[in-house]
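Please keep the sequence and the three-dimensional view at hand while reading.

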Amino acid sequence: MTLPDGLAPPPDDLDLDELKRAAECILLVSGGPVTVEQLSEVLQAPVQTVHALLWELQQDYRGRGLQVQAVAGGFQLCTRPELAGYVQRYLGLDFRQPLSQAALETLAIVAYRQPVTRAEIEAIRGVRSDHVLERLLERRLIREVGRKQAVGRPILYGTTEGFLRYFGLGSLDDLPPLGDHDLRAALDGLSAASGRDD
């Protein structure tokens, strides 16, 4: 398998097949994203070798139900979004309420303007947003990240790792540029791209 440009070939003294299988096991049992640095430490392999192993794993999983996805600053083994309906049905998750338009709109404001206060969100939306913020906190898509140095020291909100996982983002840098789109339209596009219908 030919490595893409930028990935150095691993040293000859490493058992790459064993390291790749070990990395696969760690991604399976981790329950969340694992950073390249964590894998490098556990596998006792150079960071460049870990990048090459992850790339090979991604190629191995092409066309399969699982995938190795870069998300939230790390990598995780997860199901493909287009098969989410089957997995949710098996796990009995069909009851989960989809994100409302108000929730998507609020989430978009938090994602693009964070850290942001409730009053700032409401100034953009033009309506009260306390209930929507509570729902997003319950779903762990946003969190309190501090308090603004202003009168009343209002709570500042930011997105979570769960937000990145929900939308399949590696980091906030992967948010689509707003361009001519409004905030909610940008997240609507992300929902569609991640295979979610909510």
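**Basis of the description**

The model is predicted, so local features are given only at pLDDT of at least 70 and side-chain atom pairs only at pLDDT 80 or more, while totals for chains, interfaces and linings use all residues. Residues are numbered from 1 along each chain as its sequence is written, and side-chain values use heavy atoms, with hydrogens and water left out.

**The chain as a whole**

The protein chain contains nine helices and five strands. Helices (H or I, at least four residues) and strands (E, at least two) are DSSP runs, numbered from the N terminus. Read from the N terminus on, the order of elements is α-α-α-β-β-α-α-β-α-α-β-β-α-α. The chain has 198 residues, of which 36% count as buried; buried means under 20% relative accessible area, exposed over 50%, and partly exposed in between, with a 1.4 Å probe and protein chains only. Contact means heavy atoms within 4.5 Å. Among contacts between residues at least 6 apart in sequence, 54% join residues at least 24 apart.

**Helices**

Two packed helices are described by the angle between their axes and the distance between the axes. Helix α2 (residues 36–43) packs against helix α3 (residues 47–60) at an angle of about 105°, and their axes are 9 Å apart. That angle makes α2 roughly perpendicular to α3, a label that covers 65 to 115 degrees, whereas angles under 35 count as roughly parallel, over 145 as roughly antiparallel and the rest as oblique. The axes are lines fitted to C-alpha atoms, for helices over the stretch in contact, and angles run from 0 to 180 degrees between N-to-C directions. On the α2 side, the contact is made by Val36, Leu39, Ser40 and Leu43, and on the α3 side by Val47, Val50, His51, Leu53 and Leu54. These residues divide into seven nonpolar, two polar and no charged. Here Ala, Val, Leu, Ile, Met, Phe, Trp, Tyr, Cys and Pro count as nonpolar, Asp, Glu, Lys and Arg as charged, and the others, Gly among them, as polar.

Helix α5 (residues 101–113) has 13 residues and reaches 18 Å from its first C-alpha to its last, close to the 18 Å expected at 1.5 Å a residue. The expected span is 1.5 Å times one less than the number of residues. Its buried residues are Ala103, Leu104, Thr106, Leu107, Ala108, Ile109, Val110 and Ala111.

In helix α1 (residues 16–30) is Lys20, which counts as buried because its relative accessibility is 15%. Beyond its neighbours within four places in sequence, Lys20 is in contact with Leu53, Glu56, Leu57 and Asp60. Lys20 and Glu56 are 36 residues apart in sequence, yet 8.2 Å apart in space, C-alpha to C-alpha.

| Side chain | Partner | Distance |
|---|---|---|
| Lys20 | Glu56, side chain | 3.4 Å |

Thr160 lies in the loop between β5 (155–159) and α8 (161–167) and is buried, at a relative accessible area of 13%. Leaving aside its neighbours within four places in sequence, Thr160 is in contact with Arg140, Leu141, Ile142 and Arg143.

**Backbone features in loops**

Arg140 is part of the loop between α7 (130–138) and β4 (142–147). Although not a glycine, Arg140 has a positive phi of about 60°; Arg140 is exposed, with a relative accessible area of 65%. Arg153, in the loop between β4 and β5, has a positive phi near 40° and counts as partly exposed at 39% relative accessibility.

The peptide bond from Gln114 to Pro115 is cis, with omega near -5°. Pro115 is placed in the loop between α5 and β3 (116–117).

**Two further buried residues**

Gln69, in strand β1 (residues 66–71), is buried at 18% relative accessibility. Apart from neighbours within four places in sequence, Gln69 is in contact with Gly74, Phe75, Gln76, Cys78 and Gly168. Leu169 lies in the loop between α8 and α9 (183–193) and is buried at 4% relative accessibility. Leu169 and Val71 are 98 residues apart in sequence and 5.2 Å apart in space, C-alpha to C-alpha.

How values were computed:
A polar contact is a pair of N or O atoms within 3.5 Å; within protein, one must be able to donate a hydrogen and the other to accept it, and residues adjacent in sequence count only if both atoms are side-chain atoms.
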